[in-house]
Amino acid sequence: PQATTVKLRRLSGSEVRCRSVNFATELEFLIGGERTLNSWLDYVQGVTFVLRREGLSISGFECEVESSVPIGSGLSSSAALEVALLKGLNQL
């Protein structure tokens, strides 16, 4: 019954701007400049880092993340975010 939703919009350049509905935060980074922030954005950066490492071209994007998967409950909210983001980027 839980779900993670990621809404995406393409941006020119390499800027990534992400908003979390659950945490009421907006964070950003540059593709190619991923670094650990110890926040939920690290999962987004991990996805873009691995896509680039695997030779895929990826441009900047805006994303809005909303999830009903409980954080820290053993249901893998981080994996749900990564899968939702990968599926969205594939469609974008």
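Colleague: Which residues line the second largest pocket?
Modeller: A pocket here is an open set of 1 Å grid points over the protein atoms alone where a 1.4 Å probe fits, with protein on both sides within 12 Å along at least five of seven lines, and lining residues have an atom within 4 Å of a point. By that test, the lining of the second largest pocket is Arg-10, Leu-51, Leu-56, Ser-57, Ile-58, Ser-59, Gly-60, Phe-61, Leu-86, Leu-89, Asn-90 and Leu-92.

Colleague: How much space lies in that second largest pocket?
Modeller: Before the number, a caution: this is a predicted model, where local features need pLDDT of at least 70 and side-chain atom pairs count only at pLDDT 80 or more, while totals for chains, interfaces and linings use all residues. Residues are numbered from 1 along each chain as its sequence is written, and side-chain values use heavy atoms, leaving out hydrogens and water. The volume is the space filled by probe spheres set on grid points joined across faces, edges and corners. For the second largest pocket that gives about 190 Å³.

Colleague: Which element gives the largest share of its lining?
Modeller: The lining of the second largest pocket splits into 7 nonpolar residues, 4 polar and 1 charged (Ala, Val, Leu, Ile, Met, Phe, Trp, Tyr, Cys and Pro count as nonpolar, Asp, Glu, Lys and Arg as charged, the others, Gly among them, as polar). Its largest share, 3 residues, comes from helix H2.

Colleague: Now the largest pocket: which elements give two or more residues to its lining?
Modeller: About 280 Å³ of space lies in the largest pocket. Its lining has 15 residues, with Phe-23, Trp-40, Ile-71, Ser-77 and Leu-81 nearest the centre. The elements that give two or more residues to that lining are strand S4 (61-67) and helix H2 (77-91).

Colleague: How do the residues of that lining divide?
Modeller: Phe-23, Trp-40 and Ile-71 are among the residues nearest the centre of the largest pocket, and Ser-77 is another. Over the lining of the largest pocket, the tally is 7 nonpolar, 7 polar and 1 charged.

Colleague: On to the strands: in which sense do S2 and S4 pair?
Modeller: Strands are DSSP runs of E with at least two residues, helices runs of H or I with at least four, numbered from the N terminus; two strands pair if DSSP finds at least two bridges between them. S2 (residues 15-20) and S3 (residues 25-30) pair in the antiparallel sense over 6 bridges, with Arg-17 bridged to Glu-28 in S3. On S4, Glu-64 stands opposite Arg-19. Here S2 and S4 have 5 bridges, and the sense is parallel.

Colleague: Which residues form the uncovered face of S2?
Modeller: The covered face of S2 consists of Val-16, Cys-18 and Ser-20. Its uncovered face is Glu-15, Arg-17 and Arg-19.

Colleague: Is Ala-24 buried or exposed?
Modeller: Ala-24 lies in the loop between S2 and S3, a hairpin with 4 residues between the strands. Its phi is near 50°, a positive value in a residue other than glycine. Buried means under 20% relative accessible area, exposed over 50%, and partly exposed in between (1.4 Å probe, protein chains only). With a relative accessible area of 70%, Ala-24 is exposed.

Colleague: What is the relative accessible area of Asn-38?
Modeller: Asn-38 is found in the loop between S3 and H1. Although not a glycine, Asn-38 has a positive phi of about 55°. Asn-38 is exposed, and its relative accessible area is 72%.

Colleague: Last one: which residue just after H1 takes a positive phi?
Modeller: Within H1 (residues 41-53), the buried residues are Leu-41, Asp-42, Val-44, Gln-45, Val-47, Thr-48 and Leu-51. Just after H1, a positive phi of about 90° is taken by Gly-55.

Definitions and conventions
The expected span of a helix is 1.5 Å times one less than its number of residues.
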